[in-house]
Amino acid sequence: MLAVLLHATILDAAKWAGTTFIAVTMLLLKIRELMR
């Protein structure tokens with residue numbers, strides 16, 4: 001759905017999704033570490 005809205009290929013959408021997932025995961029781990 002996102003790929004169609006942005007006129008991007010499925011591969012581009014998958015890359016963006018993967019990058020976003022990794023970034024959010026790293027951010028959450030950093031926040032968790034800081035809260036200890």
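Modeller: Let us start with a term: helices are DSSP runs of H or I with at least four residues, and they are numbered from the N terminus. Please keep in mind that this is a predicted model.

Biologist: How many helices and strands does the secondary structure of the protein chain come to?

Modeller: The protein chain has two helices and zero strands. Helix α2 covers residues 10–34.

Biologist: Where do K15 and D12 lie?

Modeller: Both K15 and D12 belong to helix α2, where they are three residues apart, about one turn of the helix. K15 is partly exposed, at a relative accessible area of 48%, and D12 is also partly exposed, at 30%.

Biologist: Which side chain meets that of K30 in a salt bridge?

Modeller: The partner is E33, with an N to O distance of 3.9 Å. K30 and E33 are separated by about one helical turn because they are three residues apart in helix α2. K30 has a relative accessible area of 46% and is therefore partly exposed.

Biologist: What share of the residues in the protein chain is buried?

Modeller: Buried means under 20% relative accessible area. Of the 36 residues in the protein chain, 3% are buried. The accessible surface of the chain is about 3,600 Å², and carbon and sulfur atoms account for 77% of that surface.

Biologist: Which residues form a nonpolar patch on the surface?

Modeller: The patch consists of V24, L27, L28, I31 and M35, which together have about 510 Å² of accessible area. Within this group, I31 is placed in helix α2 and is partly exposed, with a relative accessible area of 39%.

Definitions and conventions:
Residues are numbered from 1 along each chain as its sequence is written. This is a predicted model: local features need pLDDT of at least 70, side-chain atom pairs count only at pLDDT 80 or more; totals for chains, interfaces and linings use all residues. Side-chain values use heavy atoms; hydrogens and water are left out. Patches are made of residues with over 30% relative accessible area and no salt bridge: like charges are joined within 9 Å, nonpolar side chains (Val, Leu, Ile, Met, Phe, Trp, Tyr) within 5 Å. Accessible areas come from the Shrake-Rupley method with a 1.4 Å probe; for residues, only the protein chains shown count as cover. A salt bridge is a side-chain nitrogen of Lys or Arg within 4 Å of a carboxyl oxygen of Asp or Glu. Buried means under 20% relative accessible area, exposed over 50%, partly exposed in between (1.4 Å probe, protein chains only).
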